[in-house]
Amino acid sequence: MAVSRCKIDFDVDDDPGSIRTFLERIEHAVQSDPIADVIVDLSKCECLGPDAVTVFAAVHRDLARQSRRLTIHPPVGPPSLRTFFDWSGLEAVVAERSPPDAQLGEDFNVLPIRTFVSANLLAPEPIVGIVRSRLRASEEWQEYLAICVNEVMQNIQDHSQSPIGGLMSAKFTAEAKELRVAIVDRGLGVCATLKGRFPDTTPENALKRVMEGRYTALSRQNNAGLGINHLKSIVQILGGHLYMVSWESEFALNPERQHYNVLPFQFRGTGVFFSLPVRED
Amino acid sequence: MDSGRSNPARVAAIDCMDAQGSIVDSGMLLADTVINAMKTHSIVVIDLNGLRGASSSYFNVFLGRLQEACGLGCLERDISIEFANDVQKMTFDRSLEAIQAGQRIPILNTVPSKTTT
């Protein structure tokens with residue numbers, strides 16, 4: 001059986017540069033041979049976040065659908081990364097087991113990878129819970145977070161046609177008082193979806209359109225083109241970070257700047273990665 | 001004296017939440033409950049306390065259904081809304097603005113164009 005190999009020997013933190021390089025390597029391995037199994041070597045990697053493990057889980061599900069396998073050689077260290085790797089539930093996903101419950105540690109709490117097919121008002125509660133177990137997050141902040149999660153889930157449900165549904169996970173770091181959330185699908189992507197209604201949509205303007213709002217594919221009656229714009233507004237209000245990739249389109253936002261870009265490769269799906277500083281009562 | 005006005009109906013959104021269903025299902029359920037209450041009461045108070053994570057789609061569906069049933073004028077005339085917090089009100093206002101704008105912004109009304117070759 002043919003095998004594509006992929007080595008992630010650098011830290012995949014929440015900066016767009018490292019996530020972009022990570023996605024490029026993964027997709028190169030997945031797409032270089034359309035029938036090959038994929039082996040990812042993480043042994044030299046010393047930092048992974050929810051973004052990376054959620055992408056791995058999505059790629060694994062997608063490959064399984066094509067009767068291909070994703071094998072991961074886990075990181076050797078440091079201990080905190082091994083702990084996160086275990087707690088993230090990635091091992092359970094790859095082994096087709098049920099994900100573990102939320103893991104509450106001393107330095108960080110983790111919501112292991114979850115699969116979803118539709119947005120539900122209760123869906124963000126486990127993410128809110130991993131923060132609330134450590135901090136008295138303000139009611140307003142909890143509301144902001146729940147809306148962010150639901151806006152992304154709703155978009156996946158309505159537009160993506162993802163054959164694996166959506167996957168998400170989250171990590172709360174106590175010292176930084178920061179929550180990171182990753183939500184990923186393997187669907188059609190923003191550009192292809194908008195193009196059906198707005199034929200002049202391109203990889204250059206697709207994410208700009210949804211970030212600025214009022215552009216909707218109208219896949220469902222409940223669509224008004226508000227969701228991703230709302231997500232962006234909330235991340236800005238809270239001074240967080242947002243990184244979104246959809247096929248060749250990329251958007252990055254931090255408190256200092258934002259930028260749109262066209263990638264030299266395709267990420268087959270959409271990934272929304274955001275981090276929010278927690279506001280306490 | 002209008003007994004419905006002096007004794008308004010009270011609808012708690014948390015009681016209209018479809019816990020197993022989608023956000024859209026919950027938004028529809030709230031709208032249908034409010035529309036039913038309006039048949040017997042001239043004032044309906046909607047209590048959004050306890051409801052978390054109501055996204056744009058929740059309010060889009062709620063407002064869209066209300067618009068169909070009685071027009072958005074009923075929001076000022078017959079309905080009073082108690083928001084749980086400012087964030088929730090902001091989300092509601094954005095949806096309301098979009099639905100109102102949908103009556104005049106072509107983007108929201110345009111039928112997808114079909115190209116034939």
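Visitor: Which residue forms a salt bridge with A:Asp62, and how far apart are the closest N and O atoms?

Guide: Happy to. The partner is A:Arg65, and the closest N and O atoms of the pair are 2.9 Å apart. A salt bridge here is a side-chain nitrogen of Lys or Arg within 4 Å of a carboxyl oxygen of Asp or Glu. Both residues sit in helix α2 of chain A (residues 50-65), and because they are 3 residues apart there, about one helical turn separates them. Helices (H or I, at least four residues) and strands (E, at least two) are DSSP runs, numbered from the N terminus.

Before going on, a word on the ground rules. This is a predicted model, in which local features need pLDDT of at least 70, side-chain atom pairs count only at pLDDT 80 or more, and totals for chains, interfaces and linings use all residues. Residues are numbered from 1 along each chain as its sequence is written, chains are lettered from A and ligands numbered from 1 in the order in which they are written, and side-chain values use heavy atoms, with hydrogens and water left out.

The pair you asked about lies within chain A, and over all chains the search finds 20 salt bridges. Now to the place where the chains meet: 37 residues of chain B are in contact with 38 residues of chain A, contact meaning heavy atoms within 4.5 Å. About 2900 Å² is buried between the two chains, with carbon and sulfur atoms giving 55% of that area. Buried area is the accessible area (1.4 Å probe) that two parts lose on being put together, summed over both.

Between chain B and chain A there are 3 salt bridges. B:Arg52 and A:Glu139 meet through their side chains in a salt bridge, at 3.5 Å from N to O. On the side of chain B that touches chain A, α2 (23-40), α3 (56-70), α5 (86-101) and α6 (106-109) of chain B each supply at least two residues. The largest share, 9 residues, comes from α5(B). By class, this side of chain B has 17 nonpolar, 16 polar and 4 charged residues. Ala, Val, Leu, Ile, Met, Phe, Trp, Tyr, Cys and Pro count as nonpolar, Asp, Glu, Lys and Arg as charged, and the others, Gly among them, as polar.

Back in chain A, two backbone details may interest you. A cis peptide bond joins A:Gly77 and A:Pro78, with omega about -5 degrees, and A:Pro78 is placed in the loop between β3 (70-73) and α3 (79-87) of chain A. A:Lys177 is not a glycine, yet has a positive phi of about 50 degrees; A:Lys177 lies in the loop between β6 (166-173) and β7 of chain A.
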